[in-house]
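Open the model in your viewer and keep the sequence panel beside it. This tour moves from one selection to the next.

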Amino acid sequence: MTDLATLPPAWEIWSDGEDGRLVLAYRPDVFDGDEFPAACLPTLYLTHGRRSRRPGQNPTDSTGDDDWFVTLYLEPDVSLEGGERFSTRADALESVVELAHRFDDGEIDYRGLYQVPRERYFDRLDELTG
């Protein structure tokens, strides 16, 4: 079973709910709302059921009672495509830790996720990752 102690130190556990929901934040000491907008804080979500960041919006596809999702957000409207679906929390947690490592190692092309680039933000992420 995956242990959160194996997360890269750059990722901080922001929330670990009794319902299994987990929220991780990347370098909140850097992306603290002063130098960069607070919305630029990279976050990883593990949720039971698909998560929607837009108030009043329901997920478009149905999910089962045992569906767990892993989603990486760079901003509320900027996420890694294809948030992954798992049938168990253990499998989803394993994916969270693996994705956290890939991001921290610079293996995620975050520039490709943006329609309007934030060059200063990208430069700072480049310094911090891989």
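Stop 1: Select G20. In the hairpin of β1 and β2, which has five residues between the strands, G20 takes a positive phi near 100°. Strands here are DSSP runs of E with at least two residues, helices are runs of H or I with at least four, and both are numbered from the N terminus. This is a predicted model, in which local features need pLDDT of at least 70 and side-chain atom pairs count only at pLDDT 80 or more, while totals for chains, interfaces and linings use all residues. Residues are numbered from 1 along each chain as its sequence is written, and side-chain values use heavy atoms, with hydrogens and water left out.

Now colour β1, residues 11-16, against β2. The two strands pair in the antiparallel sense over five bridges; pairing requires at least two bridges found by DSSP. Pick S15 and look across: its bridge partner in β2 is V23.

**Stop 2: strand β2.** Select residues 22-26. How many of the five residues in β2 are buried? Five of five are. Buried means under 20% relative accessible area, exposed means over 50%, and partly exposed lies in between, with a 1.4 Å probe and protein chains only. Show the side chains. L22, L24 and Y26 point one way, V23 and A25 the other.

Move on to β3. It runs antiparallel to β2, and four bridges join them. Click L24 and find L44 opposite it in β3.

Stop 3: T47 has a relative accessible area of 6%, so it is buried. Not counting residues up to four places away in sequence, T47 touches R21, D67, W68 and F69.

Follow that list to W68, in strand β4. W68 is also buried, at a relative accessible area of 10%. Draw a C-alpha distance from W68 to L93: they are 9.2 Å apart in space and 25 residues apart in sequence.

**Stop 4: helix α1.** Select residues 89-104, then S95 within them. Is S95 buried or exposed? Its relative accessibility is 8%, so S95 counts as buried. Beyond its neighbours within four places in sequence, S95 is in contact with V70, E84 and F86.

**Stop 5: the nonpolar core.** A nonpolar core is a set of buried Ala, Val, Leu, Ile, Met, Phe, Trp, Tyr and Cys residues joined through side-chain atoms within 4.5 Å. The largest one has 35 residues; select F31, L44, L74, F103 and Y121, which touch the most other members. β2, β3, β4 (68-75), α1 and α2 (119-128) each supply at least two residues of this core. Its largest share, seven residues, comes from α1.

Centre on F31. Setting aside neighbours within four places in sequence, its contacts include Y26, F36, L41, Y121 and L125.

**Stop 6: the rings.** Show every Phe, Tyr and Trp ring. The structure holds 12 aromatic pairs. Two rings pair if their centres lie within 6.5 Å, using the six-membered ring of Trp; planes under 30 degrees apart count as stacked, over 60 as edge-to-face and the rest as tilted. F31 and F36 have ring centres 5.4 Å apart and planes at 45°, so this pair is tilted. Y121 and F122 are tilted too: 6.2 Å centre to centre, 40° between the planes.

**Stop 7: helix α2.** Select the buried residues of α2: Y121, F122, L125 and L128. Look down the helix axis. They fall within an arc of 125°, so they line one face of the helix; the arc is that of the directions from the axis to the C-beta atoms. An α-helix has 3.6 residues a turn, so residues three or four places apart point the same way. The buried residues pack against β2, β4 and α1. Turn to the face away from the buried side, and find the exposed residues R120 and E127.

**Last stop: the whole chain.** Zoom out. From the N terminus on, the elements run β-β-β-β-β-β-α-α. Of the 130 residues, 41% are buried.

Technical notes: Contact = heavy atoms within 4.5 Å.
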